[in-house]
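Subject: Structure for your review

Dear colleague,

Please find the structure below, followed by a description of what was found in it.

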Amino acid sequence: SGHTSHPPSLPRQFLRRQQVLQLYRRILRAIREVPAEQDRRYLRDWAREEFKRNKDATEEDAIRMMITQGNMQLQELQRTLKLAKS
């Protein structure tokens, strides 16, 4: 159909994927600290949906944005947990 598809630069995308997975695991770990079962379940579902929706993102910008947002949400979660414990 006339357009040549060139393979994406793998290493960089692979690294991004690793970053995303690491972030996902850190978020799940933080969620485990949440005292209320209801909140835990809600947050787990939210995280799963969020990452599933972005699973196929290949745009460098989209992935970077997702990592940034994920980190912000993780920090927010950790701050909330600290407050809850104090």
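**Findings**

Leaving out residues up to four places away in sequence, Ala 30 touches Leu 74, Leu 77, Gln 78 and Leu 81, where contact means heavy atoms within 4.5 Å. Please note that this is a predicted model, in which local features need pLDDT of at least 70 and side-chain atom pairs count only at pLDDT 80 or more, while totals for chains, interfaces and linings use all residues. Residues are numbered from 1 along each chain as its sequence is written, and side-chain values use heavy atoms, with hydrogens and water left out.

**Ala 30 and the overall fold**

Ala 30 lies in helix α1 and is buried, with a relative accessible area of 7%. Buried means under 20% relative accessible area, exposed over 50%, and partly exposed in between (1.4 Å probe, protein chains only). The C-alpha atoms of Ala 30 and Leu 74 are separated by 7.4 Å, although the two residues are 44 apart along the chain.

The protein chain contains 3 helices and 0 strands, in the order α-α-α along the sequence. Helices (H or I, at least four residues) and strands (E, at least two) are DSSP runs, numbered from the N terminus. Of the 86 residues, 26% count as buried. Among contacts between residues at least 6 apart in sequence, 72% join residues at least 24 apart. The chain exposes about 7000 Å², of which carbon and sulfur atoms supply 53%; the areas come from the Shrake-Rupley method with a 1.4 Å probe, and for residues only the protein chains shown count as cover.

**The nonpolar core**

The largest nonpolar core has 16 residues, of which Val 20, Leu 23, Ile 27, Ile 31, Phe 51 and Leu 77 touch the most other members. Two or more residues of this core come from each of α1, α2 and α3 (60-85). Such a core is a set of buried Ala, Val, Leu, Ile, Met, Phe, Trp, Tyr and Cys residues joined through side-chain atoms within 4.5 Å.

Apart from neighbours within four places in sequence, Ile 27 is in contact with Trp 46, Ala 47, Phe 51, Gly 70, Leu 74 and Leu 77. Gln 75, found in helix α3, is partly exposed at 49% relative accessibility. Between Gln 75 and Ile 27 the C-alpha distance is 9.2 Å, with 48 residues separating them in sequence.

**The aromatic pair**

The count comes to 1 aromatic pair. The ring centres of Tyr 24 and Phe 51 are 4.5 Å apart and the planes lie at 45°, so the pair is tilted. The pair links distant parts of the chain, with Tyr 24 in helix α1 (residues 10-32) and Phe 51 in helix α2 (residues 37-53), 27 residues apart. By the rule used, rings of Phe, Tyr and Trp (its six-membered ring) pair if their centres lie within 6.5 Å; planes under 30 degrees apart count as stacked, over 60 as edge-to-face and the rest as tilted. Tyr 24 counts as buried at 19% relative accessibility, and Phe 51 is buried at 12%.

**Helix α2**

The buried residues of α2 are Arg 40, Leu 43, Ala 47, Glu 50 and Phe 51. They cover an arc of only 105° around the axis, which puts them on the same side of α2; the arc is that of the directions from the helix axis to the C-beta atoms. The face turned away from this buried side carries the exposed residues Gln 38, Tyr 42 and Arg 53.

Yours sincerely
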